[in-house]
Amino acid sequence: MKRFAFLRFALAAALVFGFHSFSLAGGASGRSVAPGKYDAGQAAEICAAGGRERDAAEFVFVQITDTQIGFTDKTEHFHDTDSLMRDAILAINAIHPVAVFNTGDLVNKFGNQEQKDIYTRNLSEMDSDIPYWVVPGNHDIRGFNQKNYDGYMAFVGYDRFSVRYNDCAFIGIDSNRIKDDNEYAAAAEEEQFEWLLAELKAAKKCRYTFVFMHCPVAMTSLDEADGHNSFPMAKRERYISAFKKYGVDAIFSGHSHCYSYFEDGGIQHINSMPVTHAFNGAYPSINIVTVGPDGFTFKYVAGAEVIAGE
Ligand SMILES: [Fe+2]
(Lines give C-alpha, C1' and ligand atoms only; values in the text may rest on other atoms or scores of the structure.)
Protein backbone atom coordinates (compact mmCIF):
# COMPACT_ATOMS: atom_id res chain seq x y z
CA MET A 1 0.00 0.00 0.00
CA LYS A 2 2.82 2.32 0.86
CA ARG A 3 4.23 2.09 -2.63
CA PHE A 4 0.92 2.91 -4.30
CA ALA A 5 0.50 5.92 -2.06
CA PHE A 6 3.96 7.04 -3.09
CA LEU A 7 3.22 6.53 -6.76
CA ARG A 8 -0.01 8.52 -6.52
CA PHE A 9 1.94 11.32 -4.91
CA ALA A 10 4.55 11.11 -7.60
CA LEU A 11 1.95 11.27 -10.31
CA ALA A 12 0.12 14.18 -8.78
CA ALA A 13 3.19 16.16 -7.87
CA ALA A 14 5.37 15.84 -10.90
CA LEU A 15 4.18 13.95 -13.92
CA VAL A 16 6.71 15.74 -16.01
CA PHE A 17 9.86 16.14 -14.01
CA GLY A 18 12.29 17.38 -16.59
CA PHE A 19 11.82 18.85 -20.01
CA HIS A 20 14.52 20.23 -22.23
CA SER A 21 14.72 20.83 -25.90
CA PHE A 22 17.15 22.24 -28.36
CA SER A 23 17.46 22.71 -32.07
CA LEU A 24 20.07 22.01 -34.65
CA ALA A 25 20.32 23.94 -37.86
CA GLY A 26 19.34 21.73 -40.76
CA GLY A 27 18.17 18.97 -38.44
CA ALA A 28 16.02 17.22 -41.02
CA SER A 29 18.60 16.01 -43.45
CA GLY A 30 16.81 13.27 -45.29
CA ARG A 31 20.16 11.49 -45.54
CA SER A 32 20.09 7.78 -45.95
CA VAL A 33 20.77 5.82 -42.81
CA ALA A 34 24.41 5.01 -42.21
CA PRO A 35 25.22 1.36 -41.71
CA GLY A 36 25.83 0.50 -38.10
CA LYS A 37 28.14 -1.98 -36.48
CA TYR A 38 27.44 -4.27 -33.66
CA ASP A 39 29.84 -6.82 -32.26
CA ALA A 40 27.35 -9.42 -31.20
CA GLY A 41 26.13 -9.89 -34.74
CA GLN A 42 22.66 -8.59 -34.09
CA ALA A 43 21.01 -6.27 -36.56
CA ALA A 44 22.79 -2.96 -36.45
CA GLU A 45 19.80 -1.15 -37.78
CA ILE A 46 16.93 -0.84 -35.33
CA CYS A 47 14.42 -2.40 -37.62
CA ALA A 48 13.13 -5.29 -35.57
CA ALA A 49 9.88 -3.39 -35.36
CA GLY A 50 9.23 -4.17 -38.98
CA GLY A 51 9.93 -0.70 -40.24
CA ARG A 52 7.31 0.93 -38.05
CA GLU A 53 7.75 4.70 -38.15
CA ARG A 54 10.90 4.06 -40.09
CA ASP A 55 10.63 7.25 -42.08
CA ALA A 56 8.58 9.27 -39.64
CA ALA A 57 9.61 12.86 -39.07
CA GLU A 58 9.15 12.27 -35.36
CA PHE A 59 9.81 9.18 -33.33
CA VAL A 60 10.10 8.21 -29.68
CA PHE A 61 12.64 6.11 -27.84
CA VAL A 62 12.81 5.39 -24.15
CA GLN A 63 15.73 5.39 -21.77
CA ILE A 64 15.40 3.44 -18.57
CA THR A 65 18.08 3.04 -15.93
CA ASP A 66 18.78 1.28 -12.68
CA THR A 67 16.07 -1.32 -12.82
CA GLN A 68 18.26 -2.67 -10.01
CA ILE A 69 15.96 -5.38 -8.68
CA GLY A 70 16.57 -5.74 -4.92
CA PHE A 71 18.07 -2.30 -4.31
CA THR A 72 17.07 -1.06 -0.82
CA ASP A 73 14.26 -3.58 -1.03
CA LYS A 74 13.48 -5.49 2.16
CA THR A 75 10.18 -6.89 0.91
CA GLU A 76 9.65 -10.61 0.38
CA HIS A 77 10.93 -11.75 -3.01
CA PHE A 78 11.91 -8.14 -3.77
CA HIS A 79 8.28 -7.32 -4.38
CA ASP A 80 8.74 -3.53 -4.39
CA THR A 81 11.44 -3.31 -7.02
CA ASP A 82 9.76 -6.10 -8.98
CA SER A 83 6.54 -4.06 -9.10
CA LEU A 84 8.30 -0.84 -10.03
CA MET A 85 10.04 -2.50 -12.95
CA ARG A 86 6.72 -3.99 -14.01
CA ASP A 87 5.16 -0.50 -13.96
CA ALA A 88 7.94 0.70 -16.25
CA ILE A 89 7.40 -2.18 -18.67
CA LEU A 90 3.67 -1.47 -18.80
CA ALA A 91 4.41 2.18 -19.53
CA ILE A 92 6.84 1.23 -22.28
CA ASN A 93 4.29 -1.08 -23.89
CA ALA A 94 1.72 1.71 -23.82
CA ILE A 95 4.11 4.06 -25.63
CA HIS A 96 5.56 1.40 -27.91
CA PRO A 97 8.78 3.30 -28.64
CA VAL A 98 11.12 2.46 -31.52
CA ALA A 99 13.68 1.20 -29.00
CA VAL A 100 14.47 1.05 -25.29
CA PHE A 101 17.94 1.67 -23.86
CA ASN A 102 18.74 0.58 -20.31
CA THR A 103 21.77 2.38 -18.89
CA GLY A 104 22.61 -0.30 -16.39
CA ASP A 105 22.41 -1.69 -12.92
CA LEU A 106 19.98 -4.28 -14.13
CA VAL A 107 19.88 -5.89 -10.67
CA ASN A 108 21.35 -5.02 -7.29
CA LYS A 109 23.36 -8.17 -6.64
CA PHE A 110 24.49 -9.84 -9.79
CA GLY A 111 25.14 -13.10 -7.95
CA ASN A 112 21.55 -13.28 -6.76
CA GLN A 113 19.69 -15.55 -9.16
CA GLU A 114 16.25 -14.53 -7.89
CA GLN A 115 16.97 -10.88 -8.73
CA LYS A 116 18.10 -11.84 -12.21
CA ASP A 117 15.05 -14.04 -12.67
CA ILE A 118 12.75 -11.16 -11.69
CA TYR A 119 14.53 -8.84 -14.13
CA THR A 120 14.25 -11.42 -16.91
CA ARG A 121 10.59 -12.12 -16.17
CA ASN A 122 9.69 -8.44 -16.28
CA LEU A 123 11.69 -7.93 -19.43
CA SER A 124 9.83 -10.80 -21.06
CA GLU A 125 6.63 -8.76 -20.61
CA MET A 126 7.95 -6.01 -22.88
CA ASP A 127 6.38 -6.14 -26.33
CA SER A 128 8.65 -8.46 -28.26
CA ASP A 129 8.96 -6.13 -31.26
CA ILE A 130 10.58 -3.34 -29.24
CA PRO A 131 14.37 -3.51 -29.64
CA TYR A 132 16.13 -3.36 -26.28
CA TRP A 133 19.77 -2.55 -25.55
CA VAL A 134 21.69 -2.34 -22.31
CA VAL A 135 25.05 -1.24 -20.98
CA PRO A 136 26.47 -2.62 -17.73
CA GLY A 137 26.24 -0.76 -14.42
CA ASN A 138 28.57 -1.06 -11.46
CA HIS A 139 26.21 -3.55 -9.82
CA ASP A 140 26.34 -5.70 -12.96
CA ILE A 141 30.14 -5.81 -13.12
CA ARG A 142 30.99 -5.22 -9.48
CA GLY A 143 34.71 -4.68 -9.72
CA PHE A 144 36.06 -4.85 -13.25
CA ASN A 145 37.94 -8.13 -13.50
CA GLN A 146 37.80 -11.15 -15.78
CA LYS A 147 35.46 -13.16 -13.55
CA ASN A 148 32.88 -10.41 -13.11
CA TYR A 149 33.09 -9.40 -16.76
CA ASP A 150 32.58 -12.99 -17.86
CA GLY A 151 29.59 -13.28 -15.53
CA TYR A 152 28.00 -10.23 -17.14
CA MET A 153 28.69 -11.47 -20.64
CA ALA A 154 27.16 -14.84 -19.81
CA PHE A 155 23.94 -13.11 -18.75
CA VAL A 156 23.65 -10.29 -21.30
CA GLY A 157 25.85 -11.41 -24.18
CA TYR A 158 27.37 -8.04 -25.11
CA ASP A 159 28.89 -5.08 -23.30
CA ARG A 160 28.32 -2.22 -25.80
CA PHE A 161 26.27 -1.37 -28.84
CA SER A 162 26.18 0.93 -31.83
CA VAL A 163 22.90 1.06 -33.72
CA ARG A 164 21.06 3.40 -36.05
CA TYR A 165 17.51 4.49 -36.44
CA ASN A 166 16.19 7.08 -38.83
CA ASP A 167 19.58 8.68 -39.41
CA CYS A 168 20.32 8.85 -35.67
CA ALA A 169 23.15 6.99 -33.94
CA PHE A 170 22.78 5.27 -30.58
CA ILE A 171 26.08 4.21 -29.05
CA GLY A 172 26.37 2.49 -25.67
CA ILE A 173 29.57 1.90 -23.72
CA ASP A 174 30.65 0.34 -20.43
CA SER A 175 31.63 2.99 -17.86
CA ASN A 176 32.92 0.48 -15.29
CA ARG A 177 36.26 0.06 -16.99
CA ILE A 178 36.59 3.86 -17.12
CA LYS A 179 35.85 4.22 -13.41
CA ASP A 180 37.73 1.23 -12.04
CA ASP A 181 41.44 1.57 -11.45
CA ASN A 182 43.27 -1.67 -12.17
CA GLU A 183 45.34 -3.13 -14.99
CA TYR A 184 42.60 -5.34 -16.38
CA ALA A 185 40.18 -2.42 -16.50
CA ALA A 186 42.80 -0.14 -18.08
CA ALA A 187 43.42 -2.55 -20.94
CA ALA A 188 39.71 -3.05 -21.46
CA GLU A 189 39.17 0.70 -21.43
CA GLU A 190 41.76 1.20 -24.14
CA GLU A 191 40.17 -1.45 -26.32
CA GLN A 192 36.73 0.07 -25.86
CA PHE A 193 38.00 3.61 -26.46
CA GLU A 194 39.41 2.64 -29.85
CA TRP A 195 36.09 1.02 -30.70
CA LEU A 196 34.24 4.12 -29.49
CA LEU A 197 36.33 6.44 -31.66
CA ALA A 198 35.62 4.33 -34.72
CA GLU A 199 31.90 4.26 -33.98
CA LEU A 200 31.73 7.99 -33.31
CA LYS A 201 33.56 8.66 -36.54
CA ALA A 202 31.20 6.41 -38.47
CA ALA A 203 28.26 8.25 -36.92
CA LYS A 204 29.57 11.74 -37.51
CA LYS A 205 27.17 12.53 -40.33
CA CYS A 206 24.14 11.18 -38.53
CA ARG A 207 21.41 13.64 -37.66
CA TYR A 208 21.95 13.05 -33.95
CA THR A 209 24.41 10.97 -31.98
CA PHE A 210 23.25 9.77 -28.59
CA VAL A 211 25.67 8.08 -26.18
CA PHE A 212 24.52 5.80 -23.36
CA MET A 213 26.54 4.81 -20.31
CA HIS A 214 25.83 3.94 -16.70
CA CYS A 215 27.90 6.52 -14.83
CA PRO A 216 27.62 10.16 -15.93
CA VAL A 217 30.76 12.02 -16.95
CA ALA A 218 29.64 14.57 -14.35
CA MET A 219 26.40 15.56 -12.65
CA THR A 220 26.25 19.34 -12.95
CA SER A 221 29.55 20.58 -14.37
CA LEU A 222 32.67 19.19 -15.99
CA ASP A 223 34.62 21.04 -13.31
CA GLU A 224 32.95 19.35 -10.36
CA ALA A 225 35.08 17.33 -7.98
CA ASP A 226 35.62 13.59 -8.49
CA GLY A 227 32.91 11.51 -6.94
CA HIS A 228 30.85 8.34 -7.07
CA ASN A 229 28.65 9.83 -9.79
CA SER A 230 31.33 11.10 -12.18
CA PHE A 231 34.34 10.09 -14.23
CA PRO A 232 37.71 10.69 -12.60
CA MET A 233 38.82 14.21 -13.55
CA ALA A 234 41.78 12.85 -15.51
CA LYS A 235 39.44 10.85 -17.78
CA ARG A 236 36.85 13.50 -18.53
CA GLU A 237 38.81 15.48 -21.09
CA ARG A 238 39.59 12.38 -23.10
CA TYR A 239 35.96 11.42 -23.56
CA ILE A 240 34.50 14.89 -23.82
CA SER A 241 36.98 15.93 -26.49
CA ALA A 242 36.10 12.81 -28.51
CA PHE A 243 32.38 13.44 -28.05
CA LYS A 244 32.79 17.05 -29.17
CA LYS A 245 35.01 16.16 -32.11
CA TYR A 246 32.41 13.80 -33.52
CA GLY A 247 29.35 15.87 -32.70
CA VAL A 248 27.70 13.91 -29.89
CA ASP A 249 24.42 15.60 -29.02
CA ALA A 250 23.51 13.99 -25.72
CA ILE A 251 24.86 11.58 -23.12
CA PHE A 252 22.25 9.54 -21.28
CA SER A 253 23.27 8.01 -17.95
CA GLY A 254 21.88 6.87 -14.60
CA HIS A 255 23.64 5.53 -11.51
CA SER A 256 22.86 8.48 -9.22
CA HIS A 257 19.22 7.44 -8.62
CA CYS A 258 18.17 11.04 -9.01
CA TYR A 259 18.00 13.60 -11.81
CA SER A 260 20.62 16.04 -13.01
CA TYR A 261 21.15 17.96 -16.22
CA PHE A 262 23.63 20.32 -17.72
CA GLU A 263 24.76 21.37 -21.17
CA ASP A 264 28.36 22.01 -22.10
CA GLY A 265 29.77 22.77 -25.51
CA GLY A 266 26.68 21.55 -27.34
CA ILE A 267 26.45 18.25 -25.45
CA GLN A 268 23.50 17.64 -23.18
CA HIS A 269 24.32 15.58 -20.10
CA ILE A 270 21.09 13.84 -19.13
CA ASN A 271 21.38 11.88 -15.90
CA SER A 272 18.13 10.05 -15.44
CA MET A 273 16.00 8.90 -12.55
CA PRO A 274 15.82 5.17 -11.89
CA VAL A 275 13.11 2.68 -12.69
CA THR A 276 13.15 1.51 -9.07
CA HIS A 277 14.17 3.26 -5.85
CA ALA A 278 15.02 6.96 -6.22
CA PHE A 279 16.92 9.47 -4.08
CA ASN A 280 16.81 13.18 -3.40
CA GLY A 281 13.19 13.83 -4.31
CA ALA A 282 13.39 11.93 -7.60
CA TYR A 283 10.75 9.46 -8.73
CA PRO A 284 10.83 5.94 -10.11
CA SER A 285 10.26 6.75 -13.74
CA ILE A 286 11.18 6.30 -17.39
CA ASN A 287 12.66 8.85 -19.76
CA ILE A 288 10.67 9.39 -22.95
CA VAL A 289 12.73 11.00 -25.69
CA THR A 290 10.98 12.46 -28.72
CA VAL A 291 13.16 13.10 -31.75
CA GLY A 292 11.73 15.49 -34.30
CA PRO A 293 12.91 17.27 -37.41
CA ASP A 294 14.17 20.29 -35.47
CA GLY A 295 15.46 18.83 -32.24
CA PHE A 296 14.67 16.42 -29.49
CA THR A 297 12.90 16.68 -26.16
CA PHE A 298 12.75 14.42 -23.15
CA LYS A 299 10.44 14.01 -20.22
CA TYR A 300 10.07 11.64 -17.29
CA VAL A 301 6.88 9.89 -16.43
CA ALA A 302 6.13 7.62 -13.49
CA GLY A 303 3.81 4.67 -13.80
CA ALA A 304 1.73 3.25 -16.58
CA GLU A 305 -1.29 5.39 -15.61
CA VAL A 306 0.48 8.53 -16.79
CA ILE A 307 1.05 7.15 -20.22
CA ALA A 308 -2.53 6.03 -20.50
CA GLY A 309 -3.59 9.60 -19.82
CA GLU A 310 -1.49 11.18 -22.52
FE1 LIG B 1 25.16 2.36 -10.34
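Which residues of the largest nonpolar core touch the most other members? They are A88, F170, I251 and I286, in a core of 72 residues. The model is a predicted one. Helix α2, residues 79-95, gives the most to this core, with six residues. Leaving aside neighbours within four places in sequence, A88 is in contact with I64, V275 and I286. Another core lies apart from the largest one. This other core has six residues, among them I141, F144, Y149 and A188.

Now the sheet. Six strands form an open sheet with mixed pairing, in the order β5-β6-β7-β8-β10-β9. Its edge strands are β5 (161-165) and β9 (260-264), each of which pairs on one side only. From one strand to the next, the twist averages 15°. Strands of a sheet pair through backbone hydrogen bonds, either parallel or antiparallel. Both senses can be traced here, strand by strand.

Strand β6 (residues 168-172) pairs with β5 over five bridges, in the antiparallel sense. Across this pairing, R164 stands opposite A169 of β6. The two strands form a hairpin with two residues between them. There N166 takes a positive phi, near 50°.

Is β5 mostly covered or open? It is mostly covered, with five of its five residues buried. In a regular strand the side chains alternate between the two faces of the sheet. In β5, F161, V163 and Y165 point one way, while S162 and R164 point the other way. Residues on both sides are buried.

Move to the other end of the order. Strand β8 (residues 250-253) runs parallel to β10, and four bridges join them. A250 has Q268 of β10 as its bridge partner. On the β9 side, β10 pairs in the antiparallel sense, over five bridges. E263 also has Q268 as its bridge partner in β10. β9 and β10 form a hairpin too, with two residues between the strands. In that turn, G265 has a positive phi of about 60°.

Next comes helix α7, residues 233-245. Its 13 residues reach 19 Å from the first C-alpha to the last, close to the 18 Å expected at 1.5 Å a residue. Which residues of α7 are buried? They are Y239, I240 and F243. Seen down the axis of α7, these buried residues fall within an arc of 100°, so they line one face of the helix. They pack against two strands of the sheet, β7 (208-212) and β10 (267-271). The face turned away from the buried side carries the exposed residues A234, E237, S241 and K245. After the helix comes G247, whose phi is positive, near 70°.

One more residue of α7 deserves a look: A242. Why does A242 count as partly exposed? It has 16 C-beta neighbours inside 10 Å, whereas a buried residue needs 20 or more and an exposed one has 12 or fewer. Leaving aside neighbours within four places in sequence, A242 is in contact with L196, L197 and L200. K201 lies 41 residues from A242 in sequence. In space, A242 and K201 are 9.4 Å apart, C-alpha to C-alpha.

Terms used
Residues numbered from 1 in each chain as written. Predicted model: local features only at pLDDT ≥ 70, side-chain atom pairs only at ≥ 80, totals over all residues. Expected span 1.5 Å × (residues − 1). Arc of directions from axis to C-beta. Contact = placed C-beta atoms within 7 Å. Pairing = 2+ DSSP bridges. Axes fitted to C-alpha atoms, helices over the stretch in contact; angles between N-to-C directions. Core = buried A, V, L, I, M, F, W, Y, C linked by C-beta atoms within 7 Å.
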